Amino acid sequence: MLSVNLLKRACQKSSISSALNNAQRAMSSVPQGVTMSRLENNKFINYNRIVDNLSIVNKRLNRPLTLSEKIVYGHLDDAANQDIVRGESYLKLRPDRVVCQDATAQMALLQFLSAGMPKVAAPSSVHCDHLILAKDGSEKDLKNAISTNKEVYDFLSSACAKYGLGFWKPGSGIIHQIVIENYAFPGALIIGTDSHTPNAGGLCSVA
């Protein structure tokens, strides 16, 4: 709850400098190692990075920021040197999470394999829901999907296990609902391949 209260305090202040001061004071009482998700005990929320980045951006822009700007600018890779011109600059960001559905994850993982990296750089997950055709009822549709797409599911499962991604098998649920229930948190920046990814905004994430 401390992390939620931290952002509430920051959002309630009209002055970004006052908000940052409040956030930094609250941060001192946040326990080290606040996990991103109950499913991942080894991945932690880095609110300190957001606060530090916003301190830099506030001095550079010298104006109040919207909540969306606070979250986005809080995830800049290099806040001190990044060009920040609205509508013009391409921002280099470090997202908290990447989520993929099974139709697009195939190509994404094939591209990742060609990069030669041993593990994903950001917490990531694959959700098997898009290849299930709704036709004859949930039980029969799920059984048909598992049979028809077995090769795809086997590839996704093995690739996720090898490269450190979470794998939600067919029947686990719809991707955007799983994300908001298990992965979204206030202040998060989430990149997703599903059109409903912005659903995570319900928990004050930019997705």
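Reader: How many salt bridges does the count come to?

Author: This is a predicted model, so keep in mind that side-chain atom pairs count only at pLDDT 80 or more. A pair needs a side-chain nitrogen of Lys or Arg within 4 Å of a carboxyl oxygen of Asp or Glu. By this rule, the count is six.

Reader: Take R49 and D96: how many residues apart in sequence are the parts this pair ties together?

Author: R49 and D96 make a salt bridge, with their closest N and O atoms 3.3 Å apart. R49 sits in helix α3, while D96 belongs to the loop between α4 (67-73) and β3 (97-101), so the pair ties together parts whose separation in sequence is 47 residues.

Reader: And is D96 buried or exposed?

Author: Buried means under 20% relative accessible area. D96 has a relative accessible area of 6%, so call D96 buried.

Reader: Where do E69 and R86 lie?

Author: These two form a salt bridge, the closest N and O atoms being 3.3 Å apart. E69 is in helix α4 and R86 is in the loop between α4 and β3, so the pair ties together parts 17 residues apart in sequence. In short, the places are helix α4 for E69 and the α4 to β3 loop for R86.

Reader: Of that pair, which one is buried?

Author: The cut-offs are under 20% for buried and over 50% for exposed. R86 has a relative accessible area of 64%, so R86 is exposed. At 8% relative accessibility, the buried one is E69.

Reader: What about D77 and R94: how exposed is R94?

Author: The side chains of D77 and R94 meet in a salt bridge at 2.5 Å, N to O. Both lie in the loop between α4 and β3, so the pair ties together parts 17 residues apart in sequence. D77 counts as partly exposed at 38% relative accessibility. R94 is partly exposed too, with a relative accessibility of 48%.

Reader: Which residues do shared partners join into one network?

Author: Side chains of opposite charge can pair when their charged atoms come close. Here, salt bridges that share partners make one network out of R63, E69 and R86.

Reader: Within what arc do the buried residues of α3 fall?

Author: The buried residues in α3 are Y47, I50, V51, N53, L54, V57 and N58. Seen down the helix axis, they line one face of α3, because they fall within an arc of 165°.

Reader: Which residue in β2 is the bridge partner of S37?

Author: Strands β1 (residues 35-37) and β2 (residues 40-44) run antiparallel and are joined by two bridges. They form a hairpin, with two residues between them. The bridge partner of S37 is E40.

How values were computed:
Residues are numbered from 1 along each chain as its sequence is written. This is a predicted model: local features need pLDDT of at least 70, side-chain atom pairs count only at pLDDT 80 or more; totals for chains, interfaces and linings use all residues. Side-chain values use heavy atoms; hydrogens and water are left out. Two strands pair if DSSP finds at least two bridges between them. Helices (H or I, at least four residues) and strands (E, at least two) are DSSP runs, numbered from the N terminus. Buried means under 20% relative accessible area, exposed over 50%, partly exposed in between (1.4 Å probe, protein chains only). The arc is that of the directions from the helix axis to the C-beta atoms.
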